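Hi everyone, thanks for coming.

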Amino acid sequence: MTIVIFGGAGDLARRKLLPALYNLHVDGLLPPRIVIAGVGRKPMSDDEYRAFAKAGVAKFSRRPIDEATWAIFAEALFFVTAGLDDEPGLAPLGTRLGTIEHERGLNGDRIYYLAVPPTLFAPTVKELARARLVERGSGCIARLIVEKPIGRDLESARAINDAIAEVFDEKDIYRIDHYLGKETVQNILVMRFANSIFEPLFNKRYVDHVQITVAEEEGVGTRAGYYEQAGALRDMVQNHLLQLLAMVAMEPPHSLEADVVRDERLEVLQSLRPIEGASVDAQVVRAQYAAGFIVGRPVPGYREEPNVNPQSRTEAFVALQIYIDNWRWAGVPFFLRTGKRLPKRASQISVHLKEVPPILFNANPSARLDANVLSIRIQPDEGFSLGISSKVPGPQVRIYPVKMDFHYGSTFGGTSPEAYERLLLDVMVGDTTLFMRRDAVEAAWQWVMPILDHWAQSQDSLPTYPAGDWGPPGAERLIESTGHRWLAP
Ligand code: BG6
């Protein structure tokens, strides 16, 4: 197999893709004969690329470099300098790949990874076709991996999907949402459908509400060029949070076949109640961080970050109240929030069960029992816990909330594979389950569009929150108006 990474000398390759491939190699999960070819405009020799990769792996791999293991891995790495607009286009890339594959005895099965800005998705795919690198007439596999963002609205997403569909079949297109590759996210399905205790409770009869928090401590960093055009709704909610929601809320699929599972996730997206017009102001809160403190260290506000417009109206925080209009979830609110410069990096889904009736142990109105909460910790302390009311030992009946707690680290040991390890492996074996199908990407855009349109017309000033706080007061009011509180992860 040959993996061709467009943007091979870029940030994603250095931080995520090359470290993921190295860890797959350490685990013996890569095919025995593999070529990894970085492609970029800058001239770079194979040796320089190996040094670039080694520096990235040394810094970002979950496991340290072992020199002997690295030496074998490094032999698979190559770099090809190629641009899209020169007359030969990608033809020289094809020639070089052909030579390397011939020398290594590979049959020419290829994965093309678009780790490039979205403006280059369509031109790269077009050039791949023009250089005859997709249909090579020999029955070889040619798969395409597309990174986010797939568009910045429904129209641009459709345009990208159309351009790609002219060259690749949907079954060969792997759209990445790296949240689906996280161990804890995959475990949502196992938890729900491999344990008879939980699934019967996942519906409007027993669940009071659900919260999804994806909190980041980091600010926008050096990514303002992209983020200013995106904002939290496009960057996090349209993809990652809606996928988490789909995993929690989906119906049990009748099999684990990729399209069966993807159909069920899609159903959830299609059942979301639209938030339009005045409901946007009532159900969605957006904000920017102002200067504040993170772990005691002063940090600038969003508008003071490098390359951010000092009058920017891009949101770095968003909280939403969402309803899923189907039989299972009718009337159950889902509260979602995500933001940058929150107190810590922590993502969690909590399923809040209904309170017990106000009788027996819950009869005292001034000392209500805590409702049971199932908390799924996505990261960084991966695991889940169940809050249970329990009697404190002694002659009186005193009730205290205790937790049954499962930690991946202490139970399974070691570190969980990174999302990109699992996702790259799945592309190699041709499993599309954890990837976004075209219809799902477009359904998610379709749902967020009325919110984006409403914001585009609004002149309201954007609320702020000091960096290091859990968002603006409006986010607290959003959930408190329904009688609930955010559960701190
Ligand atoms: C990316 C977003 O998709 O996800 C980033 O573009 C965000 O803005 C990142 O920081 C969060 O991913 P993770 O895996 O660190 O939670």
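Helix α9, residues 232-249, gives the most to the shell around the ligand, with three residues. Helices here are DSSP runs of H or I with at least four residues, strands are runs of E with at least two, and both are numbered from the N terminus. Before I go on, please keep in mind that this is a predicted model: local features need pLDDT of at least 70, side-chain atom pairs count only at pLDDT 80 or more, and totals for chains, interfaces and linings use all residues. Residues are numbered from 1 along each chain as its sequence is written, and side-chain values use heavy atoms, leaving out hydrogens and water.

So, which residues are around the ligand? They are K148, H178, Y179, K182, E216, R223, D235, M236, H240, K340, R345 and Q379, where being around it takes a heavy atom within 4 Å. By class, that makes seven charged, three polar and two nonpolar residues. Asp, Glu, Lys and Arg count as charged; Ala, Val, Leu, Ile, Met, Phe, Trp, Tyr, Cys and Pro as nonpolar; and the others, Gly among them, as polar.

Now for some distances to ligand oxygen atoms. A polar side-chain atom of Y179 sits 2.5 Å from one, D235 has one at 2.6 Å, and K148 has one at 2.8 Å. Taken alone, the ligand exposes 400 Å², and the protein buries 83% of that; the areas come from the Shrake-Rupley method with a 1.4 Å probe.

P149 is in the loop between β5 and α6 (154-165). Q379, also on our shell list, is joined to P380 by a cis peptide bond too, again with omega about 0°.

Next, helix α13, residues 419-429. How many of its eleven residues are buried? Nine are, buried meaning under 20% relative accessible area with a 1.4 Å probe and protein chains only, exposed over 50%, and partly exposed in between. Those buried residues pack against β1, α1, β4, β5 and β6, with contact meaning heavy atoms within 4.5 Å. Just after α13, G430 takes a positive phi of about 80°.

Finally, R132 has a positive phi of about 55° although it is not a glycine. R132 lies in the loop between α5 (121-130) and β5, and is exposed, at 62% relative accessible area.

Technical notes: A polar contact is a pair of N or O atoms within 3.5 Å; within protein, one must be able to donate a hydrogen and the other to accept it, and residues adjacent in sequence count only if both atoms are side-chain atoms.
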